[in-house]
Amino acid sequence: GKIGLVICSVFIFTFGMASVVGQFYLGQTNSLFFTFLSKRHQNNLFHIIFKGLFYLGILLGIFLSFDRINKILDLGMISIGILNITVIFIIQLREKKHIKHLKNKS
């Protein structure tokens, strides 16, 4: 009945807000990492680009059709996957250098 509709609406809203907040946190953490990699801690370019793309994604999600959103999401997931693999390799190379440096000290 009507109570089920209200409960379902609350759950969908809660899930949507949790998803938005979680994805914003993950993206902001990645932009902080790239700011750290650029060795310019004052550089807010990555943060500005990330926030602009994030807000653009929210607006597109509101106004575009479901099929278009799915196509954009597929491209976004591929981009994020490539970005994460790149970061993993960068971290791996840094750790290998750090371990070699520690072995040479001892």
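How many helices and how many strands are there in the protein chain? The count is 3 helices and 0 strands. Along the sequence they give the pattern α-α-α. The model is predicted. Its average pLDDT is 85, and 93% of the residues score at least 70. Confidence is highest in α3, at a mean of 88. It is lowest in α2, at 84.

Start with the overall form. The C-alpha trace spans about 70 × 25 × 25 Å along its principal axes. The radius of gyration of the protein chain is 20 Å. For a compact globule of 106 residues, the value would be near 13 Å. Burial comes next. Of the 106 residues in the protein chain, 10% are buried. Then the contacts. Take those between residues at least 6 apart in sequence: 50% of them join residues at least 24 apart.

Now walk along the helices. Helix α1 covers residues 2-37. Val-10 sits in this helix. Is Val-10 buried, exposed or partly exposed? Its relative accessible area is 46%. Exposed would require over 50%, and buried under 20%, so Val-10 counts as partly exposed. In sequence, Val-10 is 91 residues from His-101. In space, the two C-alpha atoms lie 54 Å apart.

Phe-13 also belongs to helix α1. Here the relative accessibility is 56%. That value is over 50%, so Phe-13 counts as exposed. Compare its position with that of Lys-2. The pair is separated by 11 residues in sequence. From C-alpha to C-alpha, the separation of Phe-13 and Lys-2 is 17 Å.

Helix α2 runs over residues 45-63, and Phe-46 is found in it. Phe-46 has a relative accessibility of 30%. This falls between the 20% and 50% limits, so Phe-46 counts as partly exposed. Phe-33 stands 13 residues from Phe-46 in sequence. The C-alpha atoms of Phe-46 and Phe-33 are 9.4 Å apart in space. Helix α3 spans residues 66-105.

Where is empty space left? A probe the size of a water molecule, rolled over the atoms, shows it. The largest pocket holds about 1300 Å³ of space. Its lining consists of 30 residues. Which of them lie nearest the centre of the pocket? They are Gln-23, Phe-50, Leu-53, Phe-54 and Ile-80.

α1, α2 and α3 each supply at least two of its residues.

Val-10 and Phe-46 are partly exposed, while Phe-13 is exposed.

Notes:
Residues are numbered from 1 along each chain as its sequence is written. This is a predicted model: local features need pLDDT of at least 70, side-chain atom pairs count only at pLDDT 80 or more; totals for chains, interfaces and linings use all residues. Side-chain values use heavy atoms; hydrogens and water are left out. Helices (H or I, at least four residues) and strands (E, at least two) are DSSP runs, numbered from the N terminus. Buried means under 20% relative accessible area, exposed over 50%, partly exposed in between (1.4 Å probe, protein chains only). On a 1 Å grid over the protein atoms alone, a cavity is a set of points where a 1.4 Å probe fits but cannot get out, and a pocket is an open set with protein on both sides within 12 Å along at least five of seven lines; lining residues have an atom within 4 Å of a point. Grid points are joined across faces, edges and corners, and a volume is the space filled by probe spheres set on the points. pLDDT is the predictor's confidence in each residue, from 0 to 100. The radius of gyration is taken over C-alpha atoms; the globule rule is 2.2 Å times the number of residues to the power 0.38. Contact means heavy atoms within 4.5 Å.
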